[in-house]
Amino acid sequence: MSGITVEKIWKEYGDQIVLEDISIEIEDRAFVALVGPSGCGKTTFLRMLLGQEQATRGTILLDGVPLPKEPGPDRGVVFQRYSVFPHLTVLGNVLIGKEMMAARYSGRLFGAARKAAIEEAEALIAEVGLSHALDKYPAQLSGGMQQRLALAQALIMKPKVLLLDEPFGALDPGIRAEIHTLMKRLWHENPMTVVMVTHDMREAFTLATRVVAFERLRDRPEEKLRYGATISRDIPIWPPRRAGEPSLIRPDRDGPVQKGQ
Amino acid sequence: MRWINTRPSSGMRLTLAVAPFLIVLAAYVAGSAARLADNANDKLLPGLSSFVDAINRMAVVPDGRSGQILLWTDTAASLTRLFSGIGIAVAIALVVGMLIGMLPTMRALLAPFVAAISMVPPLALLPILFIVMGLGEASKIALIAIGVTPIMIRDLALKAIELPREQIIKAETLGGSSWQIALRVVLPQILPRLFTCVRLQIGPAWLFLIAAEAISSEAGLGYRIFLVRRYLAMDVIFPYVLWITLLAVGTDYILNRLRIAIFPWSELEKNT
């Protein structure tokens, strides 16, 4: 289970109120897309879920337990840029999570343990379609391949929640469509809840089970400082998408995509 | 075509690169010939044949008194000091630089201190070092270390701070502790910078070395230059200066090749 409960969150930077009175219940296995104009605090909200920033007031619960005050292995993340480590190969990038979890001091695995981890990492790399690039460095990969790598790197941790901060925003449309298919498949196959920030409405409605819009309801210049953004729309997608189940009405739309497709 | 778009061919590039060296050499030969024509015993700009003599005396024939070949003894003494000093500086700079770059608490504690220390002119400390540590090797190595460490610390700390915050966050979500992130994410990414940093500090390191050797020493390239200065022995000084320059250029080149060989990704990153 990995449900998120957000209760009456406020975020202020000094006098500036960024987010006000946000409450939302995100059910287990949901795929929530956060949309809204620039500067409306979507990314700030995502960072609070990540633990990178703290709410000024209010609480966030993951499975009924308050979130720790820093990022941890139960919440994976893919950013738009700088998500992968430039000094590690594709294999090294996926392996590093396993290594850091297993070896407390050296942060490296050796012998049989390393072999097992490599096997797991290679399977995941194949899943995101990067098998041919195992020994390449990120600088040798295209933007789309780097984001696939970032997904594999996050998923090897088997996170309860996967947080995506405009992960596909910098990709061109063809590549983006491909990676959407991949993203949908990964969501169907892995037991995780996904929260994604995006500017792209089409992307939001293609992938999500629920689209949540952030907006400043009072946005006159003199109101900007003292009124933050809040949730203005919360749209469930219909017919409903459910993780791991093909849609009865339009299976081609969002059924669990078959491997190799 | 505009000048900014004009690129030399590879042959042209080589010619252009060699030209300044040849011009300086030609100017020297002309100047030397002119002075020697006036006075055959001129010592300021000796002719090329005197250089051959001097190099033979210093680098090939053993010294009459000590039985050693002076250039090699001097080079060994100087390089040992230089690399001991730089080695100590590298060790300190890596540890302190990473502490400042990664831990906000250590940054608050150490960054202002290091910033102040780096403004102390190292040569002004030389007398103190000689008084405290004696005239032996320790004070010379200490001068080099003191001279280059603060700047290396600041450079490496800056590089560590510059790492995108996203990478550190990502490492945290991959289960990394502070120590593991230091070891697996930050250290490997600042090591290439360390090589570059040492390359940039080679010049200052030589400066401190020669200054220390000039004042008190029994061997060393700087010592020799200042020793033969008394006899106006330009025929020895010029080759020594050239040799020091060659050593510095060689070190610079080797360090850069090493960086590319050990961290191939750092060169790839540069090109993206």
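Student: Which side chains meet in a salt bridge here?
Tutor: Those of Glu99(A) and Arg184(B), at 2.7 Å, N to O. A salt bridge here is a side-chain nitrogen of Lys or Arg within 4 Å of a carboxyl oxygen of Asp or Glu.

Student: Before I go on, what should I know about the model?
Tutor: This is a predicted model, where local features need pLDDT of at least 70, side-chain atom pairs count only at pLDDT 80 or more, and totals for chains, interfaces and linings use all residues. Residues are numbered from 1 along each chain as its sequence is written, chains are lettered from A and ligands numbered from 1 in the order in which they are written, and side-chain values use heavy atoms, with hydrogens and water left out.

Student: OK, how many residues of chain A are in contact with chain B?
Tutor: 37 residues of chain A are in contact with 24 residues of chain B; contact means heavy atoms within 4.5 Å.

Student: Which elements of chain A give two or more residues to the side that touches chain B?
Tutor: Strand S6 (75-78), helix H2 (90-102) and helix H4 (143-155) of chain A. Helices (H or I, at least four residues) and strands (E, at least two) are DSSP runs, numbered from the N terminus. H2(A) gives the most, with five residues.

Student: New topic: how many aromatic pairs are there over all chains?
Tutor: Eight. Rings of Phe, Tyr and Trp (its six-membered ring) pair if their centres lie within 6.5 Å; planes under 30 degrees apart count as stacked, over 60 as edge-to-face and the rest as tilted. Take Phe51(B) and Phe238(B): they are edge-to-face, 6.0 Å centre to centre, with 85 degrees between the planes.

Student: Where do those two sit in the chain?
Tutor: Phe51(B) is in helix H2 (residues 48-60) of chain B and Phe238(B) in helix H10 (residues 234-262) of chain B, 187 residues apart.

Student: Is Phe51(B) buried or exposed?
Tutor: Phe51(B) is buried, with a relative accessible area of 12%, while Phe238(B) is partly exposed at 33%. Buried means under 20% relative accessible area, exposed over 50%, partly exposed in between (1.4 Å probe, protein chains only).

Student: Which residues form an aromatic cluster with Phe51(B)?
Tutor: Tyr28(B) and Phe238(B).
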